[in-house]
Amino acid sequence: MTPGLAVPGFQQQLERVALAETGRRLSGVLDGVARRVLTDGFGAAGADEGTVWLAHPGARELVPVMNSGPDEAGFLRQFRQPLDRGVISMVFLSGQAFCENEVSGSSTHDRTIDTALAQVTAAMIAVPLFFANRPRGVVSCVRLGAGAFEVNHLREIQHCVAVFERMIDGGLLQNLLESDVS
């Protein structure tokens, strides 16, 4: 394909496969390699736990689809992040990355998860997740109890999210090409 030459209907087809994959909660692209990219990034940033949150079209909340904590299944079942409160929602709506220390004292922090899990979020990084040319969710990570994040930790998470986004886009493109062949 010639650079700059648009394929008629390509963006609509890409949106269709992106919505389908979002509906499957990224199950088609969140394989072992993608999980490793994320968990390695969380580890490199010194995070205690990290989560991938997706927005579903028409929904007013972000839904967790991956969590690196000790009870991933319970976390995924139990929690949702309403779009009208909290740092993670602010990052999704603004499209801007966020890094904050001493989160537990911040008025923007939604304490719902901390209260339910009897924990204290000391520091948080949240980075918007884009794929198929649109904002689709947020990747967040936290330090629990005590600790702080620095600029290099934010950069590490931004890098791992960029790699993850490319993996998703590659999977979506593969799905699109395979659907055109059959």
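What volume does the largest pocket have? I found about 170 Å³.

I am working with a predicted model, where local features need pLDDT of at least 70, side-chain atom pairs count only at pLDDT 80 or more, and totals for chains, interfaces and linings use all residues. Residues are numbered from 1 along each chain as its sequence is written, and side-chain values use heavy atoms, with hydrogens and water left out.

**Pocket.** I used a 1 Å grid over the protein atoms alone; a pocket is an open set of points where a 1.4 Å probe fits, with protein on both sides within 12 Å along at least five of seven lines, and lining residues have an atom within 4 Å of a point. The volume is the space filled by probe spheres set on the points, which are joined across faces, edges and corners. Among the lining residues I noted Glu15, His56, Phe92 and Arg136. β6 (134–144) and α1 (10–23) each supply at least two lining residues, and β6 gives the most, with three.

**Aromatics.** I searched the whole structure and got two aromatic pairs; ring centres of Phe, Tyr and Trp (its six-membered ring) must lie within 6.5 Å, with planes under 30 degrees apart stacked, over 60 edge-to-face and the rest tilted. Trp53 and Phe75 have ring centres 6.0 Å apart and planes at 65°, so I logged them as edge-to-face. Phe75 also pairs with Phe79, tilted, at 4.9 Å centre to centre and 50° between the planes.

**Charge over ring.** I saw the charged end of Arg136 over the ring of Phe131, 5.4 Å from its centre (the rule: NZ of Lys or CZ of Arg within 6 Å of the ring centre and within 35 degrees of the ring normal).

Methods
Helix = DSSP H or I, 4+ residues; strand = E, 2+ residues; numbered from the N terminus.
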